[in-house]
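Here's a quick briefing to read with the model open beside you. Have a look at the structure first, then work through the notes below.

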Amino acid sequence: MAEQLGELTRTHTCGALRPADVGANVVLLGWVHRVRDLGGLLFVDIRDREGITQVVFDKDDETLMAKGKRLRSEYVVGVEGRVRRRSAETVNPKLETGEVEALVRRLTILNEAKTPPFPVADETPVSEDVRLKYRYLDLRRPRLQNNIILRHRVSAAIRKYFDANGFLEIETPILTKSTPEGARDYLVPSRVHPGEFFALPQSPQLFKQILMIAGMDRYVQICKCFRDEDLRADRQPEFTQVDVEMSFARPETIYGVIEPLMRDIFAVVGRAIETPFPRMSYADAIAKYGSDKPDLRPGMEIQDLRELFRESSFRVFRDIVANAGTVRGFVIPKASHYSRSEVDGIVDMAKQQLGATGLVWARRMDDGAVTSSVMKAMGEDAVRQMLDATSTGPGSLIFIAAGEPDSTSKLLGQLRLILAKKDGLLRPDDYLFTWVVDFPLLEWDAEEKRYASMHHPFTAPHDADLDKMGIDPGHARAKAYDLVLNGSEIGGGSIRIHDASLQSRIFSLLNISEEEAKLRFGFFLEALEYGTPPHGGIALGLDRIVAILSNESSIREVIAFPKTATATDLMSDAPSPVDAKQLRELHIQLREQKS
């Protein structure tokens, strides 16, 4: 039978007691973390979110000792006792409270607990499905508690920063209009408007732009967004972003606001970061790193080697260059530890996993000798000249690929990261930011035979590229920018289109008819005609930022109640069927799927 809390009032958290508290009478409230029964003495660790305190039951009080022996893992208890210093040999340096303990004078068992399906007291590996089904137990474990506390502290720092810089936190609707562009919407049927649906927002994009039209000048919101898309480690059907919009903004205005924000966020974990962040064009990011979210930590930039092979005796690469292809490669500066068989194994792996068909390598040994997988085809002198030209010094190794420029760089970019991870070059405590800028405004969708927005259709083109809109839209650049950290896109934004006629031109390029544009975006297009200031913004992924700060590979580890990879909630068993009455009220009839 559970006892009542009554007048029992906590005096200290379980992480608060120190030697200065010796002699004090205290009340601790929390969960039983561990029990150690030594016969004459009973030691119990009491835990709350702030830490752990050891309490001691003495054999001289037989009744109290007998009650203490009933305790099991995860019982909820109240303990009254006197703080005393531990003996020198029993001090626990792993605990902040490890120099003291509390001698129990009274024990209140507030609730018992079934045996948990996995140990809460340690980080014993547990299958993710079990962890998510019993998320309330998983959240008691120190690692996840620390992640959730960190998330709170980051959110508090964000709000403090934006408030100090004149931003208004404004909530935008959760039930809104479906304007599908990219990922699928989550739809919500309307009971009072039969056959019509709300959508959960993929982002507050149109509303935050309308707030600029409304004269709010600087807006921010830490908001939930929803996308019905396939999941990965850094994706969830519902996620949280820091949404920002500013009137009269240029890209530099955005950078000037976000970089100091990042400084304040990383100060939460005691890390100083350097500003301003470097900037890199989309074209350079693809060419040098094979990705529009480059990880700068390992170095090893991809080099353009076309000129080395334009007149080369190595006919395969010479012919590729002659036919407007490229030859590119990257150097691993310290590669002496790779044996010949390991290097050949890397090439085989790249062929099987990455589709590399023409990958070759060359190296300079520690003693200066050179060797290559194409030594016979190129000749030693040509291999040595190539190594000299690419600064492939003693103990270094270069991988080279040839073909279509973008696909060649993307292949090498993937291989670069695989080898950097293998060699421990992706250090989680190195934080290297960069802005990727000058994205293409549009990309060609070969399947649908039309242009699609690389970001979204409200992104403004570069002023210098406005004349390309009618004659060469595929080469127009966007006033778009992504903030990249350690190979992860943690934010993306753009300067928006504030002119109604230009917005109509973009819709036309996207093959969106005037009628369709009015149906999907009519309220917004009308708003543009009432004096819209130039404006721009960015959305930062809060889940991704906190995952990086806590050195987690998945954002599920920093979200209190995440979904699985199949978009289900194992704890609450959602999604789930609803009863026939609810469906009738919503004017919905389910049809059986044909096999």
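Strands β14 (residues 360-364) and β16 (residues 396-403) run antiparallel to one another, paired over 5 bridges. Two strands count as paired here if DSSP finds at least two bridges between them. Keep in mind that this is a predicted model, where local features need pLDDT of at least 70, side-chain atom pairs count only at pLDDT 80 or more, and totals for chains, interfaces and linings use all residues. Residues are numbered from 1 along each chain as its sequence is written, and side-chain values use heavy atoms, with hydrogens and water left out.

**Around β14**

- Is β14 enclosed or open? 5 of its 5 residues are buried, so the strand is largely enclosed by the rest of the structure. Buried means under 20% relative accessible area, exposed means over 50%, and partly exposed is in between (1.4 Å probe, protein chains only).
- Both faces are covered: Val360, Ala362 and Arg364 are buried on one side, Trp361 and Arg363 on the other.

**The open sheet**

- 8 strands build an open sheet with mixed pairing, in the order β6-β9-β10-β22-β21-β20-β17-β11.
- Its edge strands are β6 (168-169) and β11, each of which pairs on one side only.
- β9 (residues 218-226) and β10 (residues 238-247) are antiparallel over 9 bridges, and Val220 has Val244 of β10 as its bridge partner.
- β20 and β21 are antiparallel over 6 bridges, with Leu485 opposite Ser488 of β21.
- Their hairpin has 2 residues between the strands, and Asn486 takes a positive phi near 50 degrees there.
- β21 (residues 488-495) is mostly covered, with 6 of its 8 residues buried.
- β21 also pairs with β22 (residues 535-541) in the antiparallel sense over 5 bridges; Ser494 stands opposite Gly537 in β22.

**Helix α7**

- Tyr282, Ala285, Ile286 and Tyr289 are the buried residues to look at in α7 (residues 282-289). Viewed down the helix axis, the buried residues of α7 fall within an arc of 105 degrees, so they line one face of the helix. That arc is taken from the directions from the helix axis to the C-beta atoms.
- As background, an α-helix has 3.6 residues a turn, so residues three or four places apart point the same way.
- What do the buried residues of α7 pack against? They pack against β11 (279-281), α13 (405-422) and β17 (433-437).
- Gly290 follows α7 and has a positive phi, near 70 degrees.

**Two buried loop residues**

- Thr97 lies in the loop between β4 (76-85) and β5 (100-111), and is buried at a relative accessible area of 1%.
- Leaving aside neighbours within four places in sequence, Thr97 is in contact (heavy atoms within 4.5 Å) with residues including Cys14, Leu17, Arg18 and Ile52.
- Ala476 is in the loop between β19 (450-453) and β20 (480-485), and counts as buried at 1% relative accessibility.
- With neighbours within four places again left out, the contacts of Ala476 include Phe439, Leu441, Asp465 and Met469.

**Whole chain**

- The chain comes to 17 helices and 22 strands. Helices (H or I, at least four residues) and strands (E, at least two) are DSSP runs, numbered from the N terminus.
- Along its principal axes, the C-alpha trace spans about 95 × 75 × 60 Å.
- Of the 595 residues, 47% count as buried.
- Among contacts with a separation of 6 or more, 67% come from residues 24 or more positions apart.
- The chain exposes about 30400 Å², and carbon and sulfur atoms supply 51% of that. Accessible areas come from the Shrake-Rupley method with a 1.4 Å probe; for residues, only the protein chains shown count as cover.
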